[in-house]
Amino acid sequence: FSRDDAERFALEQGIKAYQKGDELEFNICPYCKGNAAKDKKTFAINLKTGQFKCLRQSCNAHGNMLTLARDFGFSLGRDVDEYYNRTRHFRDFRKYPLPETRDPAVVYMANRGISETITKRYHITTRKDADNILVFPFLDDSGKMQFVKYRKTDFDKEKDSNKEWCEKNCKPILFGMNHCSEGGRLVITEGQIDSLSCAQAKIENAVSVPTGKNGFTWIPYCWDWLLQFKEIVVFGDFEKGRITLLDEISKRFANKTDIYIFTSVTSDSLILAESIKDKYVTDRTD
């Protein structure tokens, strides 16, 4: 909660508001408008918690800033807007059958340590018109395809513009959701092959983000689903002295107190992990 949001809400509603102790007191309730009696100063937002309430018994409107965002179309930022914007239309893949795994995909994934069984279980394939382009279908927890990503297996930075890309207007979700069971631990990796490696190693509930370390567009669409898990494991890459995904996920899901870090075993990463262990990691060796 930010008190700036409360003040901005009053401004956008055109209602005068004044701070009184720890509350922002509105001249009139935005819900009931004071009813016929035009009662004043019955509505206030707590400036510490963001909770609000109308004291008029016949109104009794109450909630928090998320409630106001929902009821008045008030923006609390892109993530909240996306979470409540259930009318947004994404590409519909229902007319497309799940792809059958093609041999070039099996060969490539085997070279990355991923078995044919895992490759087929996750419907990994290659494009029919290009054996060097992997196809990763993203299925939600109901098994419906929502997102499709491509990866060029022979990427040459001198010749190619993109190593990875995705279909336009797809609903951003986590890769591997349909293979996760409720509760327990959820492993979040940066790349699809990372999560498949976890599956190969018999690590359950492993998913990967759709668009890399800086892409968090999936959060509004996976928020409710992710909250069912008691524990999050961040399996990020170690780059430029930081573990990717860690800071953002630990901030967004602060209620998930058991956030562990796994990363590539190098001397630098071990030193970093040890230095931040008290902040993020419960001491464990498994």
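The legends describe a predicted model, in which local features need pLDDT of at least 70 and side-chain atom pairs count only at pLDDT 80 or more, whereas totals for chains, interfaces and linings use all residues. Residues are numbered from 1 along each chain as its sequence is written, and side-chain values use heavy atoms, with hydrogens and water left out.

**Figure 1. Overview of the protein, with 10 helices and 15 strands.** Helices (H or I, at least four residues) and strands (E, at least two) are DSSP runs, numbered from the N terminus. Of the 286 residues, 43% count as buried, a term for under 20% relative accessible area, with exposed for over 50% and partly exposed in between (1.4 Å probe, protein chains only). Contacts (heavy atoms within 4.5 Å) also give a view of the fold. Among those between residues at least 6 apart in sequence, 53% join residues at least 24 apart.

Figure 2. Strands of a sheet pair through backbone hydrogen bonds, either parallel or antiparallel. Within this sheet, β7 (residues 130-139) and β8 (residues 145-152) run antiparallel and are joined by 7 bridges. P137 has V148 in β8 as its bridge partner.

**Figure 3. The largest pocket, with about 570 Å³ of space.** On a 1 Å grid over the protein atoms alone, a pocket is an open set of points with protein on both sides within 12 Å along at least five of seven lines, a cavity is a set where a 1.4 Å probe fits but cannot get out, and lining residues have an atom within 4 Å of a point. Points are joined across faces, edges and corners, and a volume is the space filled by probe spheres set on them. The lining of the largest pocket has 19 residues, and F1, L66, L76, V80 and W223 lie nearest its centre. Two or more lining residues come from each of α2 (65-72), α3 (78-84) and α7 (219-226). The largest share, 5 residues, belongs to α3. By class, the lining has 10 nonpolar, 5 polar and 4 charged residues. Here Ala, Val, Leu, Ile, Met, Phe, Trp, Tyr, Cys and Pro count as nonpolar, Asp, Glu, Lys and Arg as charged, and the others, Gly among them, as polar.

**Figure 4. The largest cavity, with a volume of about 40 Å³.** The count comes to 1 cavity of 30 Å³ or more. Its lining consists of R121, Y122, H123, P137, F138, L139, F175, G176, N178 and H179. Strand β7 gives the largest share of this lining, 3 residues. The lining divides into 5 nonpolar, 4 polar and 1 charged residue.

**Figure 5. Helix α7, largely enclosed by the rest of the structure.** Helix α7 is described in this way because 6 of its 8 residues are buried. These buried residues are I219, P220, Y221, C222, W225 and L226. They pack against α3, β10 (185-189), β11 (206-208), β12 (231-235) and α8 (246-252).

**Figure 6. A hairpin and residues with positive phi.** Strands β1 (residues 17-20) and β2 (residues 23-26) run antiparallel and are joined by 4 bridges. Y18 stands opposite E25 in β2. The two strands form a hairpin with 2 residues between them, and G21 in the turn has a positive phi of about 65 degrees. Most residues other than glycine have a negative phi, and most peptide bonds are trans. K41 is not a glycine, yet has a positive phi of about 55 degrees. K41 sits in the loop between β2 and β3 (43-46) and is partly exposed, with a relative accessible area of 47%. N169, likewise not a glycine, has a positive phi of about 55 degrees and is found in the loop between β9 and β10.

How values were computed
Pairing = 2+ DSSP bridges.
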